[in-house]
Amino acid sequence: MMVKKMARFNVSIKESIEEETIFKFKKLMLTDLFYKNISINELAKMSEVTSERIRAFKYNTHRSLNLGEIVRIAKVLEIDLNDLKGE
């Protein structure tokens, strides 16, 4: 009987949870921008986060916003960050 070894990835559970949470926030942010008809430039002005950083967050898979920026964007879009907490 052949046994295949599966590749191991050096990703901690904490990192994968953080990535999942960031992905959920990004999805909520983009959905709210669409339904509230807010442009990235408008969001940048309202949240005082540069449009370049918001675009980088939107188009890149790497997290490019710090916690303070996420909180400011969440306030503008009225996203409850408690909904993103794990159980």
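Modeller: The discussion below takes the terms in turn and sets them against their definitions.

Modeller: This is a predicted model, in which local features need pLDDT of at least 70, side-chain atom pairs count only at pLDDT 80 or more, and totals for chains, interfaces and linings use all residues. Residues are numbered from 1 along each chain as its sequence is written, and side-chain values use heavy atoms, with hydrogens and water left out.

Colleague: How many helices and strands are there in the chain?

Modeller: There are four helices and zero strands, and from the N terminus on the order is α-α-α-α. Helices (H or I, at least four residues) and strands (E, at least two) are DSSP runs, numbered from the N terminus.

Colleague: What makes Leu77 count as buried or exposed?

Modeller: Buried means under 20% relative accessible area, exposed over 50%, and partly exposed in between, with a 1.4 Å probe and protein chains only. Leu77, which is found in helix H4, has 0% relative accessibility and therefore counts as buried. Of the 87 residues of the chain, 28% count as buried.

Colleague: Which residues does Leu77 contact, leaving aside its neighbours within four places in sequence?

Modeller: With that exclusion, Leu77 is in contact with Met29, Asp32, Leu33, Lys36, Ile38 and Leu43, where contact means heavy atoms within 4.5 Å. Lys36 is 41 residues from Leu77 along the chain, and their C-alpha atoms are separated by 8.5 Å. For the chain, residues 24 or more positions apart account for 56% of the contacts with a separation of 6 or more.

Colleague: How do you know whether Glu48 and Glu78 are buried or exposed?

Modeller: Glu48 has 67% relative accessibility and so counts as exposed; Glu78, at 69%, therefore counts as exposed as well. Glu48 lies in the loop between H2 and H3, while Glu78 is in the segment after H4. Phi of Glu48 is near 60 degrees, a positive value in a residue other than glycine, and phi of Glu78 is also positive, near 60 degrees.

Colleague: Why are the buried residues of H2 said to line one face of the helix?

Modeller: The buried residues in H2 are Ile40, Leu43, Ala44 and Ser47. Seen down the axis of H2, they fall within an arc of 105 degrees, so they line one face. The arc is that of the directions from the helix axis to the C-beta atoms.

Colleague: What makes a set of residues a nonpolar core?

Modeller: A nonpolar core is a set of buried Ala, Val, Leu, Ile, Met, Phe, Trp, Tyr and Cys residues joined through side-chain atoms within 4.5 Å. The largest one here has 18 residues, and those with the most contacts inside it are Phe25, Met29, Leu33, Leu43, Ile54, Ile73 and Leu77. The elements that give two or more residues to this core are helix H1 (13-35), helix H2 (40-47), H3 and helix H4 (67-77). Among the residues that Ile73 touches, not counting residues up to four places away in sequence, are Phe25, Met29, Leu43 and Ile54.

Colleague: Why is the pair of Phe25 and Phe57 called tilted?

Modeller: The structure holds two aromatic pairs. In this one, the ring centres are 6.1 Å apart and the planes are at 45 degrees, so the pair is tilted. Rings of Phe, Tyr and Trp (its six-membered ring) pair if their centres lie within 6.5 Å; planes under 30 degrees apart count as stacked, over 60 as edge-to-face and the rest as tilted. The pair links distant parts of the chain, with Phe25 in helix H1 and Phe57 in helix H3, 32 residues apart. Phe25 and Phe57 are buried.

Colleague: How do you know which class the pair of Phe34 and Tyr35 belongs to?

Modeller: The pair is edge-to-face, with 85 degrees between the planes and 5.1 Å centre to centre. Both Phe34 and Tyr35 are exposed.
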